[in-house]
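Dear colleague,

Here is the structure you asked for, with the sequence alongside. My notes follow below it.

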Amino acid sequence: MRHLIRRLGFYLVALWASVTLNFLIPRLSPGDPAAALLARMHGRISPAALHALEIQYGISHDPLFTQYVQYLVNMLHLDLGTSFTSFEPVTAVIARDLPWTLALVGLALVISFVVGTVLGVAVAWWRGSKTDTILMPAFTFISAIPYFWFALALVFIFGYSLRWLPSYGGYDIYTYSPGMDLGFFLSAVQYAILPAFTIVVGSIAGWMLGMRNTMVATLAEDYVLMAEAKGLSRWRVMMTYAARNAILPNITSFALSLGFVVSGSLLTEIVFNYPGIGYALLEGVHNKDYPVIQGLFLIISVAVLLANFLADLVYVVLDPRVRSERG
Amino acid sequence: MSATLTPVQSTNKQPVDAGTRGLHGLRSLWRKATANGKVTIGLVIVTFFVLLALIGPLFVASNPNAFGSDISMSPSGAHPLGTTSYGQDVLAQVVVGARVSVALGFITGIIATIISVIVGLVSGYYGGWIDENLSVLSNVFLVLPALPLAIVLASFIPYKGPLTIGFVLTITGWSWGARVLRAQTLTMRNREFVTAAKATGEPAWRIIFFEIFPSEIGVVVAQLLGTIIYVILAEAGLEYLGLGDLSGVSWGTMLYWAGNSDSLALGYWWWFVPPGLCIAILGAGLAFVNFGIDEIANPRLRTIRAERSHKSKKVEAP
């Protein structure tokens, strides 16, 4: 329990850090790009919203600390500001786009983690075999491909050349509208295949190589040798003796590389014009829509921190040593 | 074989000045590098791209960004990799673009690694509140998603170009190495040679950077390579988003223009395939060197199951 509270404390510090970064970056960046943009906003949004934006970007003449407190209060009220381009609250943008990203990235992550880990177990068990010597370099190469470039290649091959799968958007906008109906759901699944495949391929090598390395170390342990000597079935030694112990470090690396996968997914969404937060981020960057960019950064941070905390919980369940440890 | 020597020398500059232990390590590393197939392949790839970046642009006579009259041509004798929608020669752009992409990757990687060495070693060596604070700092940067943070930073800095990207990726790229090096230093701080150095009254900074640092050089090089891979991939991502210098030439900006000119829908595969393939091959080359180093440090990971038991344990013991 103490372990979890410590971790929780750490995540709160990390959350505070990301909020503070969000507060400081516009104020420390040279040339005051925010002020120029706010001048553009005069008369186009309500004075109250303008004032809120001024607080957000430090245009007000209050001392920095007062601004900071005001900013934190706004954050606590989930007031992330107003979009410069669509003039809707940033929270509305997030509420509209986040479910798409969560569904796509969440599903792709689970698939790639499970498949990658199983592959890693298998490759470590049969290391030195032909499959191993072919798979290792192949996966090393795959891990170095930029997500978005792989996505571009998929769009080109399956979207434009073969015309097998849709490669633009999140669902068939001409036939369906978002809602609880089967047609829309199936359409969304169809549109998600290529982006999800990109994320799976982009991230699978990391899990596989990580699992292979810890698995190889575990296989050299005496208890594995003992299990083999006892004449236990190969499957049992592989899964319940070796893989079960080797998976712990892989869960830690799962948590730590989450940020990379999320980053890659954002770029993937952009290539596919997928209606998630990655695409919203791109539009924000192109329109210099700072409130949207910052709000999206914040929500991505929160999501990654939450997922990390979940990985910690799983770790506690799987590893009895963490549970019994004091501190 | 002499050509493959360059990257090892350039990445390992520090240990040479760092005294005999480092020099010895370097020599044995070199011997093992040529013995390990992965490292050799990786070094050949990396050397090729470094040479391409250094010498290649000298062979490109014209301005690779100049608009030409041959528009959207598929690969041919005159244009081996075809031309863009603006009539620019893709091969010339790839060669000149290598300079920015490779240089930025290596320089930023080195700077970020220097930061992680300082943070990791100082926090591992001193322990106590210094370690406590530095660890929280690097762990926070580790869990915050790097690319979104880089996007926020890069979009607020009005100057768009390699300098901004390098700065942004340094800030987001140092934390992983710091964490690994801290863990490594923790296992070092109570070893005999450190105790001996303390007993002879060596100042702390000397112990950290001249005693502990050379014996961690393998880990540092692995971190350096990993950081360079991160920087090259993230740089391409940022430039693809249009956060780079759009009037310059680099692999990322090539992809930006290819993406924004509908090269996919129009079927101009020769425009976006070469820069992405270069990034992937260079990244894989660096990763091969890294895996090779891993195998040298941890013999169990070697694919060939030749040496096991006592020999491997001796090398692996921290």
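**A buried glycine in chain B**

G82(B) has 22 C-beta neighbours inside 10 Å, and the cut-off for a buried residue is 20 or more, so G82(B) counts as buried. Please keep in mind that this is a predicted model. G82(B) sits in the loop that runs between α4 (37–55) and α5 of chain B. Between G82(B) and G166(B) there are 84 residues in sequence and 30 Å in space, taken from C-alpha to C-alpha.

**Two helices of chain B**

Helix α9 of chain B covers residues 175–188, 14 residues in total. From its first C-alpha to its last, α9(B) reaches 20 Å, which is close to the 20 Å expected at 1.5 Å a residue. This helix is mostly covered, with 10 of its 14 residues buried. Among the buried residues of α9(B) are W176(B), R179(B), L181(B), R182(B) and M188(B); S175(B), G177(B), A178(B), Q184(B) and T185(B) are buried as well. The cover over the buried residues of α9(B) includes α5 (90–126), α6, α10, α11 (204–215) and α12 of chain B.

Is α10(B), residues 192–199, largely in the open or largely buried? Of its 8 residues, the number buried is 0, so α10(B) lies largely in the open. Even so, α10(B) is included in what covers the buried residues of α9(B). After α10(B) comes G201(B), which has a positive phi, near 80°.

**Where the chains meet**

On the chain B side, 46 residues are in contact with 50 residues of chain A. Six helices of chain B each supply at least two residues of that side: α6 (128–143), α7 (146–156), α12 (217–240), α13 (251–260), α14 (263–266) and α15 (269–297). The most comes from α15(B), with 10 residues. By class, the side of chain B that touches chain A consists of 35 nonpolar, 9 polar and 2 charged residues.

**Chain A as a whole**

Chain A has 13 helices and 0 strands. Its C-alpha trace spans about 80 × 60 × 40 Å along the principal axes. Chain A has 327 residues, of which 42% count as buried. Among contacts in chain A between residues at least 6 apart in sequence, 73% join residues at least 24 apart.

Regards

Conventions. Residues numbered from 1 in each chain as written. Chains lettered and ligands numbered in written order. Predicted model: local features only at pLDDT ≥ 70, side-chain atom pairs only at ≥ 80, totals over all residues. Buried ≥ 20, exposed ≤ 12 C-beta atoms within 10 Å, placed from the backbone. Helix = DSSP H or I, 4+ residues; strand = E, 2+ residues; numbered from the N terminus. Contact = placed C-beta atoms within 7 Å. Nonpolar A, V, L, I, M, F, W, Y, C, P; charged D, E, K, R; others polar. Expected span 1.5 Å × (residues − 1).
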